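Keep the model open beside you and try each task before reading on.

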Amino acid sequence: MIRINLRDYYPFYKSDFFVEVTNEILELFKQLSRKEHADFERRRVYKAYYSLDADDGIEKDVILLVLSPEEIYERKMSKQELYAAINSMPEKQAKRIYAHFFLDMSKAEIARIEGVSKSAVTHSIEQGLKSIEKFLKNNSRCERSIPVQ
């Protein structure tokens, strides 16, 4: 049994705290210390100083995204318009776009499942995207032409 100071291994200890541990535990602490040092050196050598854990506010900006009521409304309306555009196109085309963009399936997978060529699926998706773009442009023009009182 070997006596170690836990303050050397755990930064939250404010004063010395000695315990007796077996040789295996001591060896694990040494391996952990070596690994941490190697990670530190790797970051230093490759200049990998930035991380979401760096305590520079990046993490808060990523995690705590607070939207204003207008932004929430705009996102909701955008989604509704997108779903309306998808619903306005032919069923097969809508299914292919949904599978590719929402279910994250590749065009080759969609083609294999439907038993058609990949080029047919690619063409269908491209035409569908053009159709969505046209639908959204027409929809935004209609909204602008309505007089506000």
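**Exercise 1.** Does Asp39 count as buried, partly exposed or exposed, and at what relative accessibility?

*Solution.* Start with the cut-offs: buried means under 20% relative accessible area, exposed over 50%, and partly exposed in between, with a 1.4 Å probe and protein chains only. Asp39 has 22% relative accessibility, so Asp39 counts as partly exposed.

A word on the ground rules before you go on. This is a predicted model, in which local features need pLDDT of at least 70 and side-chain atom pairs count only at pLDDT 80 or more, while totals for chains, interfaces and linings use all residues. Residues are numbered from 1 along each chain as its sequence is written, and side-chain values use heavy atoms, leaving out hydrogens and water.

**Exercise 2.** Find the salt-bridge partner of Asp39, then work out how the two residues are placed in their helix.

*Solution.* First, recall that a salt bridge is a side-chain nitrogen of Lys or Arg within 4 Å of a carboxyl oxygen of Asp or Glu. Asp39 meets Arg42 in such a bridge, at 2.8 Å from N to O. Next, look at helix H1, residues 23-45; helices are DSSP runs (H or I, at least four residues), numbered from the N terminus. Arg42 and Asp39 are 3 residues apart there, which means about one helical turn separates them. Arg42 is partly exposed, with a relative accessible area of 46%.

**Exercise 3.** Classify the ring pair of Tyr13 and Phe17.

*Solution.* Rings of Phe, Tyr and Trp (its six-membered ring) pair if their centres lie within 6.5 Å; planes under 30 degrees apart count as stacked, over 60 as edge-to-face and the rest as tilted. For Tyr13 and Phe17, the centres are 5.5 Å apart with 20 degrees between the planes, so the pair is stacked. Tyr13 is partly exposed at 26% relative accessible area, and Phe17 is partly exposed at 40%.
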